[in-house]
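Q: I have a structure to look through for class. Could you take my questions on it one at a time?
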Amino acid sequence: MYPNRYAFVPKLPALLLLALLGACNDSETESNPTSEVELKAHSVNPALVKALPGFESLEILPLISSDDVLPESPNFIFGAQPDGSGLLKNPNGEGYILINNHEIMFSVSRVYLDKTFKPTKGEYILDGDGGNFRLCSATLATPEEHGFGPMFLTAGETDGESMVHALDPLGAVNKKDRTRMKPALGKGSMENAVPLPKDAFPGKTVILIGEDESSRVGAGQLIAYVSNTVGDLDNGKLYVLKRTSADPIETSMVAGQQYDVEFVEIENAKTLTGAQIAAQTVAKSAIQFARVEDVDYRKGGNGAGREVYFTATGVSQSDKVTPVTGFTMWGRVYKLTMQADNVLKGKLEIAVDGATDPGNSIVNPDNLCVTRDFVYVQEDGDSYYTNNKHDGRVWQYGMSSKQLKPMLEMNHRRTDATFNAKYNKSNDQRLSSWEYGAMQDISDLVGVPNTFLLNLHPHTWQDDKFLNADGSAETRNKNKEGGQVVIVRGVQR
């Protein structure tokens with residue numbers, strides 16, 4: 001493992017490096033009121049998302065976008081598709097550090113914010129040459145929440161042979177270093193690698209990984225990496241989720257029922273190819289999900305983190321109308337309750353199923369943000385299903401009420417000619433042509449209740465000046481999209 005940067009910061013306050021999960025983290029063990037934080041719009045671009053009826057009280061503030069010029073790094077471009085994300089206090093002075101994957105660029109950026117929460121400087125700590133894979137969701141592990149770190153776990157999904165990078169968010173810039181990948185976490189098409197909180201299974205490192213490859217047999221898995229040493233990412237074992245009945249068919253499970261499940265070992269996973277791991281999942285009758293794209297756990301401590309939610313984004317036939325036999329099409333959110341005395345056993349049920357109201361309910365759920373009482377479901381509806389009825393949304397699901405409510409929607413403004421001349425030059429009129437990245441609860445860290453960050457991928461916002469924002473030689477990245485991060489205030493936790 002690379003050096004832990006805590007070594008040079010003596011006696012840090014407990015929350016100094018409290019960080020937020022890439023999917024979501026609202027740990028309540030600490031609070032850090034920071035009167036100097038002034039949450040306001042800092043971007044020259046307008047917010048590209050809007051609140052929906054019933055949530056009009058939400059305040060949406062654009063924090064950083066690709067057009068912004070930061071005073072301490074005027075040549076830095078905040079690149080395309082900010083996806084996985086994490087936030088932490090800057091241990092070297094006042095302010096904060098925001099870490100973001102840029103999916104299509106294979107890159108990770110680091111943006112410094114001052115004590116008022118204004119972005120002042122940006123740089124890339126991993127570029128396309130070092131990243132090697134499309135980097136999707138991510139999780140920022142911290143000693144306070146997970147018992148190790150700080151460490152940014154960013155998952156690759158270019159193909160079934162991608163891996164997870166473990167980056168020091170405070171480390172020196174080493175953009176092309178590929179040695180930080182972790183083969184013990186397996187190979188696949190991975191969306192996120194989420195360590196459970198340290199009180200979920202004390203003394204262990206448990207990381208849940210979503211595998212979303214859908215083009216071959218043996219793909220679409222919920223994977224668990226388990227080590228009996230806290231912070232060990234090199235010597236644990238890899239497991240895959242199956243029903244104890246050995247039925248691997250996703251659509252055999254229906255809403256309103258619980259199913260006994262267990263994690264079964266993938267032998268010698270550290271030395272296997274992704275194809276070999278996939279073959280084992282078939283041989284072991286693991287559940288074949290339609291693209292497991294994100295994972296998150298319930299907050300609140302006292303073992304709440306053993307309640308895990310994950311998405312199956314869904315797949316269809318090429319006609320965008322017909323389901324693929326055995327797989328969810330519209331998408332599902334699953335709830336996994338892990339057994340307190342056995343990390344390898346639990347109960348699985350469907351929390352939300354888009355098929356209950358096709359096209360009106362969730363469509364292709366991707367990222368998740370789980371708090372104490374709610375699951376926030378972000379859509380990636382650019383599968384362009386024929387019968388989809390809405391643009392990309394963030395939905396609020398109440399754990400107790402079981403109610404699903406649309407909270408946010410992408411603000412395309414298709415009838416505004418001036419807006420479209422900049423953000424939709426191709427005049428793409430399809431619904432859900434934009435998607436979401438990470439949503440994270442930053443309330444405790446900034447001392448402002450009910451405050452979240454949300455990443456946006458406005459795919460039709462294209463500009464030549466955004467091409468190759470990280471300066472790498474990676475020839476697979478021809479993308480010239482803009483990206484945006486917004487602050488959303490007033491979100492229930």
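Q: Is strand β16 largely enclosed or left open by the rest of the structure?
A: Strand β16 (residues 307-312) is largely enclosed by the rest of the structure, because six of its six residues are buried. Buried means under 20% relative accessible area, exposed over 50% and partly exposed in between, with a 1.4 Å probe and protein chains only. Strands are DSSP runs of E with at least two residues, numbered from the N terminus.

Q: Which residues are on each side of it, then?
A: E307, Y309 and T311 lie on one side of β16, and V308, F310 and A312 on the other; all are buried, and both faces are covered.

Q: Before we go on, what sort of model is this?
A: This is a predicted model, in which local features need pLDDT of at least 70 and side-chain atom pairs count only at pLDDT 80 or more, while totals for chains, interfaces and linings use all residues. Residues are numbered from 1 along each chain as its sequence is written, and side-chain values use heavy atoms, with hydrogens and water left out.

Q: Which strands are joined to β16?
A: Strand β15 (residues 292-297) is joined to β16 by four bridges, and strand β17 (residues 332-339) by six. Both pairings are antiparallel. Two strands pair if DSSP finds at least two bridges between them.

Q: And which residues are bridge partners there?
A: V295 has F310 of β16 as its bridge partner, and T311 has V333 of β17.

Q: New topic: S107. Where is it, and is it buried or exposed?
A: S107 is found in strand β5 (residues 107-113). Its relative accessibility is 0%, so S107 counts as buried.

Q: What does its side chain reach?
A: The side chain of S107 reaches the backbone oxygen of M105 at 2.9 Å. A polar atom of that side chain also lies 3.4 Å from the backbone nitrogen of G128.

Q: What else is S107 in contact with?
A: Contact means heavy atoms within 4.5 Å. Leaving aside neighbours within four places in sequence, the contacts of S107 include N100, H102, Y124, L126 and D470.

Q: Last one: what is the strand order in the open sheet?
A: The four strands of the open sheet follow the order β2-β25-β24-β23, with antiparallel pairing. β2 (59-65) and β23 (435-441) stand at the edges with a single partner strand each, so one side of each has no neighbour in the sheet.

Q: How many bridges link β2 to β25?
A: Six bridges link β2 to strand β25 (residues 484-489). The bridge partner of E59 in β25 is R489.

Methods. Polar contact = N/O pair within 3.5 Å; in protein donor to acceptor, adjacent residues only side chain to side chain.
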